[in-house]
Amino acid sequence: MTLTKQTLPRWDMSVVYPSLDSPEFELGFAATAAAIEDLAALLDRHGVGCPAPSIDGAVSCIDELIERFNAVLARARTLDTYIYCHIAADSRDDRAQAMLSEFDRHDTRLSQLATRFTAWIGALDIEALIAGSELAAAHAFTLREAKRRAEHLMSPPEEELAAELHVTGAAGWVKLHGNLSSQIDVELERDGGIIALPMSEIRNLAHEPDRDLRRRAFESEIAAWETVELPLAASLNGVKGQVNTLTARRGWDTPLDEALFQNRIDRDTLDAMLSAARESFPDFRRYLRAKARALGLSTLPWHDLFAPLGEAGRAWQWDEARDFLIGVFSDYSPGMGVFTERSFRERWIDAEPRPGKQDGAFCVPLRDDESRILANFKPDFSGVTTLAHELGHGYHNVQRAKRTILQQTTPMALAETASIFCETLVRDAVLRDARDRERVAILEASLQGSCQVVVDISSRFVFEQAIFEQRRERELSVDELNSLMLDAQRQTYGDGLDGDALHPYMWAVKSHYYSGTRSYYNYPYMFGQLFALGLYTRFQQEPSGFQERYDDLLSSTGLADPATLAIRFGIDIRTSEFWRSSLDLIRSDIDRFEALVDGAS
């Protein structure tokens with residue numbers, strides 16, 4: 001399979017503003033900035049940030065405060081997404097970079113106002129407030145969570161300073177990583193000459209059937225990361241250093257404790273899930289050894305981790321992928337089918353790999369029930385499943401749009417539920433009519449994804465724990481970061497991969513490490529996958545009425561914690577038994593994959 005030559009779509013952002021240079025954008029930007037200042041004036045008028053009022057005084061103003069926060073947050077989210085999508089599509093867009101930098105100042109102001117409101121809520125009798133207002137009652141979960149969050153706030157002046165310094169601190173380091181990693185031109189020897197490709201296309205070559213090309217692309221990738229290793233190491237040290245400092249000042253024992261609060265799960269849940277994951281490592285190593293055998297290798301090096309197998313290595317044209325996904329999701333439910341068709345028709349997706357464009361894939365809410373999806377489409381089955389994954393996020397956003405912005409706030413632990421559910425629908429749809437050699441490829445693609453979410457995510461968790469611990473003492477060098485990453489990969493992949501042919505620069509590849517506001521941006525993916533598999537099992541066992549209950553769950557991810565929502569489907573996430581049962585589904589796929597591989601040899 002060669003790189004696709006077909007014309008791939010770019011997303012349409014003009015439905016919000018014609019362009020970043022348009023008068024409409026200028027007016028929208030100014031109106032958003034004014035709305036934030038108007039919100040500040042409203043808080044001043046009601047004494048938010050002053051000593052707590054009587055409960056009667058709080059009840060008298062809470063409706064207006066909630067309504068205004070919802071309106072301003074919605075406006076700011078659309079503007080932020082609009083600007084960010086221009087940068088994700090082309091980090092060399094100087095106008096977009098300038099506008100994001102200017103918006104950061106207003107976003108910081110909004111963040112400060114939200115923190116001020118949270119501190120005010122923390123000083124109130126929250127149950128009396130909820131009892132005194134229907135709108136507060138509708139936002140009860142958000143308000144109770146704010147009450148708990150207020151326990152971990154610094155003094156108001158310190159929080160204001162932290163928000164202002166974040167722009168030139170962690171947020172600046174994040175921007176550096178994004179700009180550097182998206183603008184790397186990687187030299188590759190191909191067809192007798194040297195060509196330069198963006199990092200996104202180089203990494204896509206990991207899925208090529210030509211093993212020598214995969215190897216050369218991997219070696220070129222590593223060499224390219226070496227050219228930017230020092231600024232990226234400085235970026236990672238900067239981000240983790242700031243997080244360590246602020247979490248300690250806010251009274252959290254560790255960054256992980258704050259991350260668990262943000263994800264609305266407890267240590268018992270995390271320990272149960274990670275324990276079940278560790279138990280599954282030998283099974284994933286069986287899968288990796290079976291893949292090595294299928295490729296005629298004694299052991300699997302990193303550059304063969306994503307090698308295609310079987311007949312499904314054929315190319316999937318864009319139009320074919322689109323029609324297939326619309327069909328699969330329509331079969332599941334008419335509503336999901338209508339949503340999927342709309343996403344393609346209204347050009348919500350930017351699918352073309354190109355220089356300056358961010359690698360990987362994501363989905364972000366834009367306005368109302370609209371989303372935008374960034375992909376770097378690969379013309380193979382993994383490209384199709386990536387689209388399914390991101391469309392799942394978009395479908396989740398449609399369901400959440402029934403709620404206010406404050407009611408929509410969803411933890412990462414639940415944000416992956418719909419995406420994995422949609423991936424599983426696609427996988428099973430393809431398997432139903434597949435022949436054995438096609439099943440090998442489809443199962444392998446599915447197991448490849450599961451291995452990333454369980455094993456590789458575990459390696460990222462191990463790495464992040466180590467870097468947070470060591471960063472408390474001092475900055476880490478490039479060699480130390482590489483060593484920590486290799487050690488984490490060896491702990492998790494074990495003898496499933498060639499221990500001398502791993503990827504030391506995964507800390508540079510994954511943007512998830514570079515966040516000053518969301519630490520441990522890893523284990524929630526595992527939670528999402530295994531929770532979604534548990535839901536999918538319920539769907540298979542009792543399909544009648546499932547779609548309605550599932551849509552209601554997706555719309556409620558900002559209204560309750562994961563444990564409470566899981567109970568609706570008879571799931572106890574604090575026990576290892578549940579996580580083992582989801583992993584058992586993957587184990588059965590590994591058994592089928594091994595039988596097909598060994599039966600064909």
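Modeller: Let us begin with one crossing, bearing in mind that this is a predicted model: the crossing of helix 15 and helix 16 is right-handed.

Biologist: Which residues of helix 15 and helix 16 make the contact?

Modeller: On helix 16, the contact is made by L391, G394, Y395 and V398. The partners on helix 15 are G335, M336, F339, T340, S343 and F344.

Biologist: Is helix 15 roughly parallel or roughly perpendicular to helix 16?

Modeller: Helix 15 covers residues 334–345 and helix 16 covers residues 381–400, and their axes lie 10 Å apart at an angle of about 110°. Because angles of 65 to 115 degrees count in this class, helix 15 is, relative to helix 16, roughly perpendicular.

Biologist: Against which elements do the buried residues of helix 10 pack?

Modeller: Helix 10, residues 211–227, spans 25 Å from its first C-alpha to its last, close to the 24 Å expected. Its buried residues include L213, R214, F218, E221 and W225. The buried residues of helix 10 pack against helix 8, strand 1, helix 9, helix 11 and helix 22.

Biologist: Is T78 buried or exposed?

Modeller: T78 lies in helix 2, residues 55–89, and, leaving aside residues up to four places away in sequence, touches V16, L366 and R367. Its relative accessible area is 14%, and since buried means under 20%, T78 is buried.

Terms used
Residues are numbered from 1 along each chain as its sequence is written. This is a predicted model: local features need pLDDT of at least 70, side-chain atom pairs count only at pLDDT 80 or more; totals for chains, interfaces and linings use all residues. Side-chain values use heavy atoms; hydrogens and water are left out. Axes are lines fitted to C-alpha atoms, for helices over the stretch in contact, and angles run from 0 to 180 degrees between N-to-C directions. Helices (H or I, at least four residues) and strands (E, at least two) are DSSP runs, numbered from the N terminus. Angles under 35 degrees count as roughly parallel, over 145 as roughly antiparallel, 65 to 115 as roughly perpendicular and the rest as oblique. A crossing is left-handed if the near helix is turned anticlockwise from the far one by less than a right angle, and right-handed if clockwise. Contact means heavy atoms within 4.5 Å. The expected span of a helix is 1.5 Å times one less than its number of residues. Buried means under 20% relative accessible area, exposed over 50%, partly exposed in between (1.4 Å probe, protein chains only).
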